[in-house]
Amino acid sequence: MKAMVLNAPKTPLVWTELPDRVPGPGQIRVKVLACGVCRTDLHVYDGELPDPKSPIIPGHEIVGRIDALGAGVTDLKLGERVGIPWLGHTCGVCPYCKAKRENLCDAPLFTGYTRDGGFATATVADARFAFPLGETGDDASLAPLLCAGLIGWRSLKMAGEGKKIGLYGFGAAGHIVAQVATWQGREVFAFTKPGDTGKQDFARSLGVKWAGGSDEAAPELLDAAIIYATVGALVPVALKAVHKGGRVVCAGIHMSDIPSFPYDILWEERSLFSVANLTRADGLEFLGQVPKMEIQVKTTRYPLQKANEALADLRAGRFDGAAVLVP
Ligand SMILES: [Zn+2]
Ligand SMILES: [Zn+2]
C-alpha cells in the first residue's frame with residue numbers, strides 16, 4: 001500500500017510505500033476509494049492535538065471497499081462499500097461507553113489521529129465502527145459526510161429544535177448542515193469571515209435565508225448558533241446573536257482562546273455547549289436519512305499524492321465545500 005505519511009508536525013506529508021496490512025480479529029481492510037480532508041487534519045498536521053500516533057497517516061472521512069476480513073467479522077462482507085469515521089474504537093466498559101456516550105470514551109482511538117487513517121490506498125479499521133454505505137452516491141461526494149456531515153448532525157441536534165439557526169464558518173460542515181437544517185424546515189443564517197462575499201454567495205446558492213460577515217448582525221435574533229470556525233472570539237459574538245434561552249454550540253475540536261465577556265450575554269438562560277466526536281448511533285441516524293435529504297456536497301478533488309496541496313488550500317480557504325483525496 002501507499003500512503004501520505006505525517007512523520008512530524010508541520011512537515012509536509014511524504015508519499016510512502018508501506019507493507020500491506022493484515023486485518024486482525026474484528027477488523028476489516030478496505031481499499032480506499034476517497035478520503036475527505038477535514039479541518040481536524042490541519043490540527044493534527046499542526047501538532048495542536050495531544051498525544052497523536054507518530055508517524056501517522058491522517059484522514060478520517062474514508063469511503064472504501066472491503067478487500068479483507070479479519071477473524072470474527074460477520075456483519076460486513078467482502079466487496080461491501082463502507083464509511084470509516086473519526087471514532088475508530090471505544091473501550092465499551094468505561095462509564096461513558098456504558099451510558100451510551102461513547103463519543104466521550106475514556107480510552108478511544110481516533111482515525112487519522114491515534115490510529116492510521118485514509119490518506120492512503122488502503123486502511124485497516126475496527127469493523128464495529130465502519131458504516132455500510134450501500135451503492136447510492138459517488139465515493140467522493142459521500143466522504144465529507146463521514147465527519148463534516150456527522151459532527152454537523154450532532155451539533156445541529158445539540159442546537160435544539162429552534163427554527164432560526166446561525167452557522168459561523170461556512171466550510172465543509174457549514175455547507176452540509178445548512179442543507180440539512182433547510183431540509184428540516186429551519187431558517188439558516190450563514191456567517192462567514194468578514195468580507196468573504198464569495199462564501200456568502202455560495203451560502204445563498206444553497207438556500208440560506210441570510211448570509212453575511214461575522215462582523216454583521218443577523219436581521220433577527222436567532223434560536224441557536226453553531227460555531228464551526230476555530231475562532232474563540234466568535235463565542236461572545238454568537239451569544240449576542242441568540243435570544244433569551246438560546247443555545248450556542250462550539251462544534252470544533254480546537255479553538256483559539258475565548259475572550260472574556262460580560263455575564264449579561266450569557267444570562268437569561270442562554271447556554272454554551274461543545275460537541276466532541278460522534279457516536280455510532282449518530283452515524284446510523286444521519287446516514288440513514290442522507291438519501292432523503294438530497295444534500296449537494298460540493299467537492300474539490302485532489303489526487304492522493306496532492307494531499308499537501310489540499311491541506312494548504314483548506315487552510316487558505318481556496319475552495320467552497322470540501323476537499324477530497326482520491327487515490
Ligand atoms: Zn469507553
Ligand atoms: Zn473531521
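Some ground rules. Because the model is predicted, local features need pLDDT of at least 70 and side-chain atom pairs count only at pLDDT 80 or more, while totals for chains, interfaces and linings use all residues; side-chain values use heavy atoms, with hydrogens and water left out. Residues are numbered from 1 along each chain as its sequence is written, and chains are lettered from A and ligands numbered from 1 in the order in which they are written.

I start with the sheet. Six strands form an open sheet in the order 12-11-10-13-14-15, and the pairing is parallel. Strands here are DSSP runs of E with at least two residues, helices are runs of H or I with at least four, and both are numbered from the N terminus. Two strands pair if DSSP finds at least two bridges between them. Strand 12 (210-213) and strand 15 (271-274) are at the edges with a single partner strand each, so one side of each has no neighbour in the sheet. On average, neighbouring strands are turned by 20° against each other, direction ignored. For such angles, axes are lines fitted to C-alpha atoms, for helices over the stretch in contact, and values run from 0 to 180 degrees between N-to-C directions.

Now to strand 11. Of its 6 residues, 5 are buried, where buried means under 20% relative accessible area, exposed over 50% and partly exposed in between, with a 1.4 Å probe and protein chains only. Strand 10 runs parallel to strand 11 and is joined to it by 5 bridges; Gly166 stands opposite Phe189 in strand 11. Ala190 has Ala211 in strand 12 as its bridge partner, and Phe191 has Gly212.

How does the chain get from strand 10 to strand 11? Strand 10, helix 5 and strand 11 make a right-handed β-α-β unit. The chain then crosses from strand 11 through helix 6 to strand 12, again a right-handed β-α-β crossover. Right-handed means that, with the strands pointing away from the viewer, the path from the first strand over the helix to the second runs clockwise. Helix 6 lies across strand 11 and strand 12, at about 165° to strand 12.

Helix 5 covers residues 172-183 and reaches 17 Å from first C-alpha to last, close to the 16 Å expected at 1.5 Å a residue; the expected span is 1.5 Å times one less than the number of residues. Is helix 5 mostly covered or mostly open? It is mostly covered, with 10 of its 12 residues buried. Those buried residues pack against several elements, including helix 4 (148-158), helix 8 (280-293) and strand 17 (322-326). Contact means heavy atoms within 4.5 Å. Just after helix 5, Gly185 has a positive phi of about 90°.

Next, the zinc ion (ligand 2). Cys38 (SG), His60 (NE2) and Cys147 (SG) coordinate this ion at 2.0 to 2.2 Å. Donors are N, O and S atoms within 2.8 Å of the metal (3.2 Å for Na, K and Ca), and since water is not among the atoms, sites may look incomplete. Cys38 and His60 are both buried.

Last, Val324, which is found in strand 17. Val324 is buried, with a relative accessible area of 0%. Among the residues that Val324 touches are Ala34, Pro144 and Tyr302.

Note on methods: Lists of a residue's contacts leave out its neighbours within four places in sequence.
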